[in-house]
Amino acid sequence: MTTRTVLVINSGSSSIKYALVDPDSGASLASGLVERIGEEMGAITHKRGQEKTELTEPVADHGFGLSEVLRLFEEQGPSLAQANIVAVGHRVVQGGRYFSGPALVDDEVVARIEQLVPLGPLHNPAHLKGIEVGRRLLAEVPHVVVFDTAFFQDLPEEAARYALDREIADTYSIRRYGAHGTSHQFVSGAVSTLLGRDDLKQVVLHLGNGASASAVVAGRAVDTSMGLTPLEGLVMGGRTGDIDPAAVFHLARVAGMSIDQIDHLFNRGSGMKGLAGDNDMREVWKRIEAGDAQARDAMDIYLHRLTKYVGAYTAVMGGLDALTFTAGIGENDDLLRAELCQRLAFMGVQINEGENAVRSSEPRVISTPDSAVTVLVVPTNEELAIARQAMTLL
Ligand code: ADP
């Protein structure tokens with residue numbers, strides 16, 4: 001079979017992340033990042049295997065950024081002209097209730113994504129820019145959108161609906177949409193394959209700068225921690241996760257803060273950053289080692305929240321077969337994994353310390369043979385997941 005590739009694009013408000021993926025072998029042939037679009041000086045990094053090309057130049061807009069990426073592909077390789085690109089896959093965060101799976105981009109799909117901007121104000125406008133310039137510059141191939149919310153589209157109503165006045169909730173589309181769905185679907189699928197079972201009760205912990213948990217039964221998501229927006233749920237790098245909404249009323253009334261200020265505080269100035277002054281777990285651990293009590297306290301708050309979610313999801317599913325860690329923290333932070341599993345020892349969770357400490361980019365089991373729950377580390381690969389989902393439409 002001749003190699004086929006999918007160009008995956010994740011367009012942010014001032015950045016474009018991209019990867020050229022072989023959906024059949026799973027190989028990433030090249031990847032890169034355009035940063036600081038619209039600022040005085042931008043930066044582009046293009047990676048092909050061990051080779052890295054870095055450009056520092058102003059990138060006025062997404063169109064120029066993507067045209068530079070296409071130029072880098074031709075100059076540094078692999079040549080897109082020869083890569084047999086069969087689709088361009090775009091990541092979109094908010095698919096609302098319209099999209100339960102990937103969709104071929106046409107004007108109607110673009111209009112739908114536009115209609116969803118109020119539900120995804122931080123993300124969807126940036127995705128639309130990426131789709132617009134992508135369709136213009138790569139007009140000869142089909143474009144596919146893959147939604148972060150799609151895996152959670154058929155959450156049971158009892159998990160998706162807030163106990164909010166029904167009419168208000170429905171009029172303003174307020175419900176739990178979830179996020180990181182592409183990762184939760186990819187990782188839970190990989191666990192099923194690895195363990196050779198399709199009836200598993202799973203909890204997946206996607207712990208990156210953003211963090212979310214999902215409960216998955218036999219391949220179907222039955223609950224997830226992110227809600228109307230990615231703010232809800234776990235403690236994150238800069239986000240509060242769960243907090244009493246009355247804190248908003250209180251800050252508005254007592255501290256005189258505006259809605260925008262509170263939004264910023266909850267989404268960017270909180271979480272590990274707000275608690276420990278640092279959103280990078282490596283730094284937080286260093287400070288804990290140095291005896292910093294606030295850093296230890298922040299870690300305990302983070303772990304407490306995780307423990308509650310794993311416990312709650314185990315109850316919701318009536319059991320737990322597999323607990324899986326993924327994303328930057330989940331894949332790399334063996335100390336955190338060990339501490340969480342220690343807190344879950346009452347459920348019969350036992351990890352093998354040696355296996356837990358191994359650094360690897362392969363999916364792996366880290367629990368002991370007689371652990372009541374299989375504990376795994378599975379590296380997420382959202383680009384490959386997007387590429388494979390795109391292929392299903394061709
Ligand atoms: P996102 O995609 O949400 O930006 P990632 O999944 O890339 O995030 O995760 C980034 C986070 O991973 C960093 O903020 C850092 O806290 C954490 N991280 C990365 N490497 C390590 C490590 N070796 N030990 C602990 N944490 C790590």
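Colleague: Which residues does alanine 211 touch, not counting residues up to four places away in sequence?
Modeller: Keep in mind that this is a predicted model. Alanine 211 touches His180, His206, Met226, Leu234, Val235, Met236 and Tyr302, with residues up to four places away in sequence left out.

Colleague: Where is the place of alanine 211?
Modeller: Alanine 211 is in strand β10, which covers residues 211-217.

Colleague: Is alanine 211 buried or exposed?
Modeller: Buried. Its relative accessibility is 0%, and buried means under 20%.

Colleague: How far apart are the C-alpha atoms of alanine 211 and leucine 231?
Modeller: They are separated by 9.4 Å. Along the chain, the two residues are 20 residues apart.

Colleague: New topic. How many salt bridges does a search of the whole structure find?
Modeller: The search finds 19.

Colleague: Why can side chains pair like that?
Modeller: Opposite charges can pair when the charged atoms come close.

Colleague: Give me an example. What does glutamate 75 form a salt bridge with?
Modeller: Its partner is arginine 71. The closest N and O atoms are 2.8 Å apart.

Colleague: Where do glutamate 75 and arginine 71 sit?
Modeller: Both are in helix α1, residues 62-76. They are four residues apart, so about one helical turn separates them.

Colleague: And how accessible are glutamate 75 and arginine 71?
Modeller: Glutamate 75 is partly exposed, at 49% relative accessibility. Arginine 71 is partly exposed too, with a relative accessible area of 33%.

Colleague: Which pair links distant parts of the chain?
Modeller: Aspartate 321 and arginine 197 do, and they are 124 residues apart. Aspartate 321 is in the loop between α11 (293-317) and β12 (322-326). Arginine 197 is in the loop between α6 (181-195) and β9 (201-207).

Colleague: What separates the closest N and O atoms of aspartate 321 and arginine 197?
Modeller: 3.7 Å, and the pair forms a salt bridge. Aspartate 321 has a relative accessible area of 23%, so it is partly exposed. Arginine 197 is partly exposed at 36%.

Colleague: What do the side chains of aspartate 292 and arginine 287 do?
Modeller: They meet in a salt bridge, 2.9 Å from N to O. Aspartate 292 is partly exposed at 24% relative accessibility. Arginine 287 is partly exposed, with a relative accessible area of 24%.

Colleague: Which residues are linked in a network of salt bridges?
Modeller: Glu157, Arg161, Asp170 and Arg175 are.

Colleague: Helices now. How do the axes of α7 and α8 cross?
Modeller: They come within 10 Å and cross at roughly 130°. Helix α7 is residues 246-254, and helix α8 is residues 259-267. That angle makes α7 oblique to α8.

Colleague: Is the crossing left-handed or right-handed?
Modeller: α7 passes α8 in a right-handed crossing.

Colleague: Which residues make the contact?
Modeller: From α7, they are Ala247, Val248, Leu251 and Ala252. From α8, they are Ile259, Ile262, Leu265 and Phe266. By class, the contact has eight nonpolar, no polar and no charged residues.

Colleague: Last one. Where does phenylalanine 249 lie, and how accessible is phenylalanine 249?
Modeller: Phenylalanine 249 lies in helix α7. Phenylalanine 249 is partly exposed, with a relative accessible area of 44%.

How values were computed: Residues numbered from 1 in each chain as written. Predicted model: local features only at pLDDT ≥ 70, side-chain atom pairs only at ≥ 80, totals over all residues. Heavy atoms only, no water. Salt bridge = Lys/Arg side-chain N within 4 Å of Asp/Glu carboxyl O. Helix = DSSP H or I, 4+ residues; strand = E, 2+ residues; numbered from the N terminus. Buried < 20%, exposed > 50% of the residue type's maximum accessible area, 1.4 Å probe, protein only. Axes fitted to C-alpha atoms, helices over the stretch in contact; angles between N-to-C directions. Parallel < 35°, antiparallel > 145°, perpendicular 65-115°, else oblique. Left-handed = near helix turned anticlockwise from the far one by under 90°. Contact = heavy atoms within 4.5 Å. Nonpolar A, V, L, I, M, F, W, Y, C, P; charged D, E, K, R; others polar.
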